[in-house]
Amino acid sequence: DLVVALYREDGKPVAVPLDYDLANDLDELIRQLQRLPGDSGADGWVSIGGDFFVICRARGRVVEVLLSDISAAHDWPIARDVVDYLGAELGDEDDDESGTVGDLEIYAASGLRGFEMEAIATDYDEDSDVLLGRIAEKLKIGAEFERAAEAFDD
């Protein structure tokens, strides 16, 4: 679906589309985020097939990640990368596991508490790119996010 970087430059929110290949490799996504000029680091938002999303925040050497649905790790490399990065346990493919893994409080300082993030992330009836749009609205960066996301509307 999309790979977008979000950061603040001189206090203003910036959102830019990133190369879609970054949707396959968490380590490379982290490297690219660390190169951006954000005042306090940069966030990468990845939506895959409308099924799940990954949020990665890179602030210097500090990296936080969130995967909206752990079951995606059975089929998608970036989801597996997140599970491995976090050292989380992934059950058998036959298990009917779902749910978030990672830092639900990633945006708590911006007013989006963990319980709200979990409610958004586990709305499995909605496409993951739409869920990221909801998060962007809550963080008051909806317009910037939508402009960057439009680059993937081909």
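Helices here are DSSP runs of H or I with at least four residues, strands are E runs of at least two, and both are numbered from the N terminus. You're looking at a predicted model, where local features need pLDDT of at least 70, side-chain atom pairs count only at pLDDT 80 or more, and totals for chains, interfaces and linings use all residues. Residues are numbered from 1 along each chain as its sequence is written, and side-chain values use heavy atoms, with hydrogens and water left out.

**Stop one: a helix.** Select α1, residues 26-34. Arg31 makes a salt bridge with Glu28, with their closest N and O atoms 2.9 Å apart. (A salt bridge puts a side-chain nitrogen of Lys or Arg within 4 Å of a carboxyl oxygen of Asp or Glu.) Why is about one helical turn between Arg31 and Glu28? Because they sit 3 residues apart in α1. By this rule, the count comes to 8 salt bridges.

**Stop two: a loop.** Now pick Asp51, in the loop between β3 (42-48) and β4 (52-59).
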